[in-house]
Amino acid sequence: MASDIDDISLMELQLAARNHGMPLEALQWDVTPIGLHYLLTHFDIPAVDPNAWRLGVGGRVENGMTLTLEELRARPAVTAAVTFECAGNGRAHLSPRPASQPWISEAVGTAEWTGTPLRGLLEEAGLRDDVVEVTFAGLDRGIEGDVEHIFERSLTVDEAMRNDVLLAYEINGVPLPPQHGFPLRLVVPGWYGMTNVKWLERITAISEPFDGIQQSKNYRFKMDSDDKGTPLSRMRPRALMVPPGTPDFPERRRFVPVGRHELVGKAWSGSAPIARVEVSTDGGTSWSDARLVAGAPGAWSSWTFEWAPSEPGDVELLCRATDAEGNSQPDEPEWNAGGYVNNSVQRVPVTIIDDGSRSGS
């Protein structure tokens, strides 16, 4: 399904300038360098004084808490590689394109997050029997849907008490930079990026489902503004490849010489481990299995595929992932009003050439 890219608005251009995706050549790294990891910031990046900052834990708990950053860093620590993907990744491929951040396919990254497990904090706080959800409020404030609010989302008690959910204060071995949520953020493996609340300031146990705008109205799969929709949660399966060969500028068409090449990429799913990655070198007419190397729980897996084009011409390379629950990628996008969870197969147009000097493959 083609997208009306030529009609990109000034608003979308402004969003694209503030936020950035991960260059697909960075898929060659298991852990994404901090400056290449994708970023989406809804409002403004808060300037936080770490000496004055406190994390409050309250609501329907037996023992409310207020913790400093030093106190959090003194708690048991865990480091885990976790893949984040924006729920709007692939929005630019929809037609008509919903007006928002015009992601193509680069809104993803995997970092090593260090922090303390949320579960231990909640157990010490003592959730009361009537608690159904736990909310997480950041310091970023803005207006959306004519409502002024802080960015806040919730998890069910079962999700919040998972052993792998972290309150992270480091990324790739260094303190969180401002754009990644300094001094503290939530990390929820498997869920789309909006769940991982940045600039975390308050955790609240509640006895009724959370109805904040970023959960009750936004980040829902719906077909129009009147549709209440269904909430987004876990990442759908997706495979991406490093575009092979040499790009031209500015179109970034790929040029690859005749001969043997190794296609490489990553694949992930928030519901189950990746079980299979397939590659097509003829535009989707036929598919072959790639070699898959499983990643750590919560992180993407690596894959490779041997490709040996024998004559010049134009081809389209495709890749698709299937997870252990049988979830796979569709050939075409599934349109929805928010432009969310488009995990249709990646398509990479390539020109095969005789002159190997034009390619750095």
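Author: Buried means under 20% relative accessible area, exposed means over 50%, and partly exposed lies in between (1.4 Å probe, protein chains only). This is a predicted model, in which local features need pLDDT of at least 70 and side-chain atom pairs count only at pLDDT 80 or more, while totals for chains, interfaces and linings use all residues. Residues are numbered from 1 along each chain as its sequence is written, and side-chain values use heavy atoms, with hydrogens and water left out.

Reader: How does Arg128 count in terms of accessibility?

Author: Arg128 has a relative accessibility of 31%.

Reader: Which residue meets Arg128 in a salt bridge?

Author: Side chains of opposite charge can pair when their charged atoms come close. A salt bridge here is a side-chain nitrogen of Lys or Arg within 4 Å of a carboxyl oxygen of Asp or Glu. The partner sits 66 residues away, in the loop between β1 (55-59) and β2 (65-67), whereas Arg128 is in the loop between α3 (118-125) and β5 (133-144); helices (H or I, at least four residues) and strands (E, at least two) are DSSP runs, numbered from the N terminus. With 3.5 Å from N to O, the partner of Arg128 is Glu62.

Reader: Is Glu62 buried or exposed?

Author: The relative accessibility of Glu62 is 51%. Because this is over 50%, Glu62 counts as exposed.

Reader: What is the relative accessible area of the residue that forms a salt bridge with Arg73?

Author: Arg73 forms a salt bridge with Glu170, and their closest N and O atoms are 2.7 Å apart. The pair links distant parts of the chain, with Arg73 in helix α2 (residues 69-73) and Glu170 in strand β7, 97 residues apart. Arg73 is partly exposed at 37%, whereas Glu170 is buried, with a relative accessible area of 14%.

Reader: How far apart are the closest N and O atoms of Arg320 and Glu278?

Author: Arg320 is buried, and so is Glu278. The closest N and O atoms of the two are separated by 2.9 Å.

Reader: How many salt bridges does the structure hold?

Author: Some of them form a network, in which Glu159, Arg162, Asp164 and Arg234 are linked. For the structure, the number of salt bridges is 21.

Reader: Which strands stand at the edges of the open sheet of four strands?

Author: The order in this sheet is β13-β16-β20-β19, with antiparallel pairing; two strands pair if DSSP finds at least two bridges between them. Each edge strand has a single partner, so one side of each is left without a neighbour in the sheet. The edge strands are β13 (238-241) and β19 (291-293).

Reader: What is the bridge partner of Ala239 in β16?

Author: β13 and strand β16 (residues 261-268) pair in the antiparallel sense over four bridges. In β16, the residue bridged to Ala239 is Ala267.
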